[in-house]
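We will go from stop to stop, with something to select at each one.

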Amino acid sequence: MSEYEIYTVAPAPFDRPTAEVILRTSDDVDFYVYKAVLILSSTFFETMFSLHQPSLDDSIIHLRNGLAYPVIAVSEDSQTLEHLLRFCYPVRHPKITDLQQLDLVLEAALKYEVAVAIELLREGLHSFVHRHPLHIFAIACRHKLEPEAKLAAVQWGKGSFDDDSLDFGKTVAGASYVLEMARISAGAYHRLLSYVRTHAEISFCSWPAKPGHWHNERTPPFNQTGVDTIIRSSDNIDFRVHKVLLVLAGGESLLSQDNQEVATDGLPVFRIDAVSEVAEELLRMCYPPVISGSRFESGSFYIFKDVVYTANTYGMSAVIQAMKSVWKNAMEKSPLSMYLIAVACKWTTESLDAFQFLACAPIHELYAMELEKTTADVYHRLLKQHHHCQVIIHEVMTPYATAAEYPRTDVSNGSWRKEWAKTVDGRSTRTIPSILLTLEVERRRNGRDPRSLVDLIRRSQQMEKQVKEALSKAIVLLSHLLFEPEAIRNIFLPLLLGTQRSDLASPSEFTLTPGAVSARN
């Protein structure tokens, strides 16, 4: 197919009429290049040109000065491609002084497997580490460049941070984030925070533990006889099922003629757009639990979101409800996993429920495999929301710790948080007021203060009531603000800290546990 449109021709040496092929960029600039140069520089193009090439009649052909050139469209813009090709040609290598441009060229070099460019560009990253360590960390993690990620983390770890600060930007989590991290996993961001706090040896680009491989074998109840339908996954694994169970689960669209393939063993075959491990869990959710079993029952939720997505695709409402029941049963034991899953599934109510469990829990050391399939901006937003809840707690408790008639209990310096951080299974074993009471009693004993323990308990109960009310109202506010925590501090906090408000909920309507703040039904 020939074309006569006029395209911009790239500058020398990418304008030679003796070239053999055109690389056309996303901004419609044509680079006239030699196959031999590309083959020697790029294993990607070496493989491409070694394959059978379509005839000129079947290719997009550009005509220039009576000569026909096959056209290969690329997704890069002209500036990025020119920088990359100059690494391939026997010309002066480009000097890239802009970090964003270097990132784009590195991404293209990795995509097209241009070894010489990759090596030189990785060296170029090092020159930016001292000025932009977090940006380099984000670039390195996105491209899985472990040495550069470690170099950037070490440089950033030399800084000074205060996890007890009321200013989120001064904490490790608040300071250690830039917008470019929205393109890396929350797992990599979690590992950076862990390194900054502990300086322990760690791998940033790889997971600490990966889920076990699923074996492509038809397991019960999908290998039994007496069934009437076969569901075939996208990776060609067959599951023998009972049609009536799929229909009862709302899976009629699975059995659409559009999905039907050639029968096997006399049974109709329907193709599902899901890999075998996802298809298996989806089908297990259609069966009674005593028959099917599920990996979710053992606490493995790595493909939970994929199963929900597939169920939504095929309109399987009964499966969605079953998945929500599984989610609810697991929330108290795995609140971080359930929060990340709910956010990924866009379940607003469930996201709020999970955040209620996390709002009063020391979550910085919690890890969940779902972090690896979540972008860092989601996790950063959770940590920011969590910090704002801690600010609310601090604001409520400060008057009790600084009252003139009482000896000062350390609050602002974070001693209560250190006590609170002693956890079992990732959750605190004590309530905040009980820690403050302990600290105050110890202070009074040391000072031989004559005031009664009854008075201390009364003050502790009063403080506990205000903490519950403040956090409960704040969490409700989060649901209306789509989890934008800044409004808690700027808009709602003055109202929350008002004294003797008649519109505040009764303390009997709420329960404050070490892992949750929630309204009683």
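Two terms come up at our opening stop: axes are lines fitted to C-alpha atoms, for helices over the stretch in contact, with angles running from 0 to 180 degrees between N-to-C directions; helices (H or I, at least four residues) and strands (E, at least two) are DSSP runs numbered from the N terminus. This is a predicted model, in which local features need pLDDT of at least 70 and side-chain atom pairs count only at pLDDT 80 or more, while totals for chains, interfaces and linings use all residues. Residues are numbered from 1 along each chain as its sequence is written, and side-chain values use heavy atoms, leaving out hydrogens and water.

**A pair of crossing helices**

Select helix α3 (residues 78-88) and helix α4 (residues 99-112), whose axes come within 9 Å and cross at roughly 60°. Angles under 35 degrees count as roughly parallel, over 145 as roughly antiparallel, 65 to 115 as roughly perpendicular and the rest as oblique; α3 and α4 are therefore oblique to each other. The crossing of α3 past α4 is right-handed, the near helix being turned clockwise from the far one by less than a right angle.

Now show side chains. On the α3 side, Gln79, Thr80, His83, Leu84 and Phe87 make the contact; on the α4 side, look for Gln101, Leu104, Val105, Ala108, Ala109 and Tyr112. Contact here means heavy atoms within 4.5 Å. Which classes of residue make up the contact of α3 with α4? There are 7 nonpolar and 4 polar residues, and no charged ones. In this scheme Ala, Val, Leu, Ile, Met, Phe, Trp, Tyr, Cys and Pro count as nonpolar, Asp, Glu, Lys and Arg as charged, and the others, Gly among them, as polar.

**Salt bridges**

Glutamate 82 and arginine 86 are 4 residues apart in α3, about one turn of the helix. An α-helix has 3.6 residues a turn, so residues three or four places apart point the same way.

Next, select arginine 122 and glutamate 148, a salt bridge with its closest N and O atoms 2.9 Å apart. This pair links distant parts of the chain, 26 residues apart: arginine 122 is in helix α5 (residues 115-126) and glutamate 148 in helix α7 (residues 146-156). Buried means under 20% relative accessible area, exposed over 50%, and partly exposed in between, with a 1.4 Å probe and protein chains only.

Move on to helix α11 (residues 276-284), where glutamate 280 and arginine 284 sit 4 residues apart, about one turn of the helix. Their closest N and O atoms are 2.6 Å apart in a salt bridge, and both residues are buried. For a network of salt bridges, select Arg232, Asp238, Glu261 and Arg271 together.

**Into the interior**

Valine 196 is in helix α9 (residues 186-198) and is buried, with a relative accessible area of 7%. Leaving aside residues up to four places away in sequence, valine 196 touches Trp156, Gly157, Phe161 and Val172.

Then go to helix α15 (residues 335-344): 8 of its 10 residues are buried, so the rest of the structure largely encloses it. Among the buried ones are Leu336, Met338, Tyr339 and Ile341.

**Backbone stops**

Most residues other than glycine have a negative phi, and most peptide bonds are trans. Just after α15, select lysine 346, with a positive phi of about 60°. Histidine 199, in the loop between α9 and β7 (229-232), also has a positive phi, near 60°. Aspartate 265 lies in the loop between β9 (260-264) and β10 (267-271); its phi is near 55°, and it is exposed at 61% relative accessibility.

For the last stop, find the cis peptide bond joining alanine 12 and proline 13, with omega about 5°. Proline 13 lies in the loop between β2 (8-9) and β3 (21-24).

Conventions: A salt bridge is a side-chain nitrogen of Lys or Arg within 4 Å of a carboxyl oxygen of Asp or Glu.
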